[in-house]
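Look at the sequence and the structure first, then read on.

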Amino acid sequence: ELSKYSLSCDLVLQIGTVCDSDLLEVLYRDHQITIIFHAAAYKHVPLMELNIAQAVRNNVFGTLSLVRFAEKFQIDRFVLISTDKAVRPTNVMGATKRFCEMILQARAAVAEPMRGPIYSMVRFGNVLGSSGSVVPLFREQIDLGGPITVTSSEITRYFMSISEAAELVIQSAALANSGDLFVLDMGEPIKILELAKAMIRLSGRTIKDSQHPNGDIEIQITGLRPGEKLYEELLIGNNVTPSSHRKIMRAKEEFLDWEDLESTLNQLVAAQEKNDQEAMLEIFSSHIEGFDTRVVR
């Protein structure tokens, strides 16, 4: 997408993993990086329920790898792209993203003033049209003649456009003091069932149900997937204050200090290397508010 535009800078593409510290150092030597927007995470909720060790390795330890890199080379700013699923998570993906937030919060608390990086986190919900969004899925299902699949008639989600999300993330980076956790104002949550109905109507088709057996597109309720919540939240507590931007708020939330978190991360490393799923889930349950292994399992 970026290659379509006339940019005032060179665009360099590099394949790799943030878990590869040697690659990160090569990238710094070649490009003198000054800011990191960290969006490298596995985000597919049901798949992460089945691949807990890989979710932990990529999401949690990938973030820790980037933090060590940022501190070694004194990167100016580090922005973590987080998710509403990190709030009282009922799934592994959300739990790993909450751990990512806590890593940045803890490191910001012990960082030396004026020695970078400025750590910040941006927490928001679903982005319309992005990879994994229900909108392209519903569009594909409509094009195929249906049915549209919705996991629950009561499920709701927050939505934001790609351009608005990207702009607010960049703007939050400029506002950040180290340790800031930003929450984006995403308006009111939308019922997924109503979104499906609206997309059918906007496509020029009609809804097929018991009252309209001759309609074009049927909506099937398939049941919640493993780890899926009926609704998402953006805040763990109520301690939120406005910023200078009307759609960006600062949240204050409790977190582990670095000494305790480092000890917990060492336990998580040992469990991940052994693929001890019960131990990893127990660590999440012990350190993340609202996480319940019985819900996930």
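The model is a predicted one. Strand 8 spans residues 180-184, and five of its five residues are buried.

Strand 8 has pairings with strand 3 and strand 13. With strand 3 it runs parallel, joined by four bridges. In that pairing, Met121 has Leu181 of strand 8 as its bridge partner. With strand 13 (residues 248-251), strand 8 runs antiparallel, again over four bridges. There, the bridge partner of Val183 is Met249 in strand 13. As a general point, strands of a sheet pair through backbone hydrogen bonds, and the pairing is either parallel or antiparallel.

Ile81 stands opposite Val122 of strand 3. Strand 2 is mostly covered, with four of its five residues buried. Strand 2 is joined in turn to strand 1 (residues 35-38) by four bridges, and these two strands run parallel. Here Ile36 stands opposite Phe78 of strand 2.

The table lists these pairings.

| Strands | Bridges | Direction |
|---|---|---|
| strand 1 and strand 2 | four | parallel |
| strand 3 and strand 8 | four | parallel |
| strand 8 and strand 13 | four | antiparallel |

Leu104 is found in helix 4. Is Leu104 buried or exposed? Its relative accessible area is 0%, so Leu104 is buried. Leaving aside neighbours within four places in sequence, Leu104 is in contact with Thr63, Val67, Phe78, Leu80, Tyr119, Ser120 and Met121. One of these is Met121, which is 17 residues away from Leu104 along the chain, with 7.8 Å between the two C-alpha atoms. Met121 is also the residue whose bridge partner in strand 8 is Leu181.

Thr63 is found in helix 3. Thr63 is buried as well, because its relative accessible area is 0%. Residues up to four places away in sequence aside, Thr63 touches His38, Asn58, Cys100 and Leu104.

Lys85 lies in the loop between strand 2 (77-81) and helix 4 (92-110). Why does Lys85 count as buried? Its relative accessibility is 12%, and buried means under 20%. Not counting residues up to four places away in sequence, the residues that Lys85 touches are Val45, Met93, Gly94, Asn126, Arg157 and Glu232.

## Helix 3 against helix 8

Two packed helices are described by the angle between their axes and the distance between the axes. Helix 3 (residues 52-72) and helix 8 (residues 258-273) pack at an angle of about 145 degrees, and their axes are 11 Å apart. The crossing of helix 3 past helix 8 is left-handed. On the helix 3 side, the residues that meet helix 8 are Ala53, Val56, Arg57, Val60, Phe61 and Leu64; on the helix 8 side they are Trp258, Leu265, Leu268, Val269 and Gln272. Of the residues in this contact, nine are nonpolar, one is polar and one is charged.

Strand 10 pairs with strand 11 (residues 217-221) in the parallel sense over two bridges. The bridge partner of Ile207 in strand 11 is Ile217.

## One side of helix 9

Which residues of helix 9 are buried? In this helix (residues 277-287), Met280, Leu281, Ile283 and Phe284 are buried. These residues cover an arc of only 155 degrees around the axis, so they are on the same side of helix 9. In general, an α-helix has 3.6 residues a turn, so residues three or four places apart point the same way.

Technical notes:
Residues numbered from 1 in each chain as written. Predicted model: local features only at pLDDT ≥ 70, side-chain atom pairs only at ≥ 80, totals over all residues. Heavy atoms only, no water. Buried < 20%, exposed > 50% of the residue type's maximum accessible area, 1.4 Å probe, protein only. Arc of directions from axis to C-beta. Contact = heavy atoms within 4.5 Å. Pairing = 2+ DSSP bridges. Axes fitted to C-alpha atoms, helices over the stretch in contact; angles between N-to-C directions. Left-handed = near helix turned anticlockwise from the far one by under 90°. Nonpolar A, V, L, I, M, F, W, Y, C, P; charged D, E, K, R; others polar.
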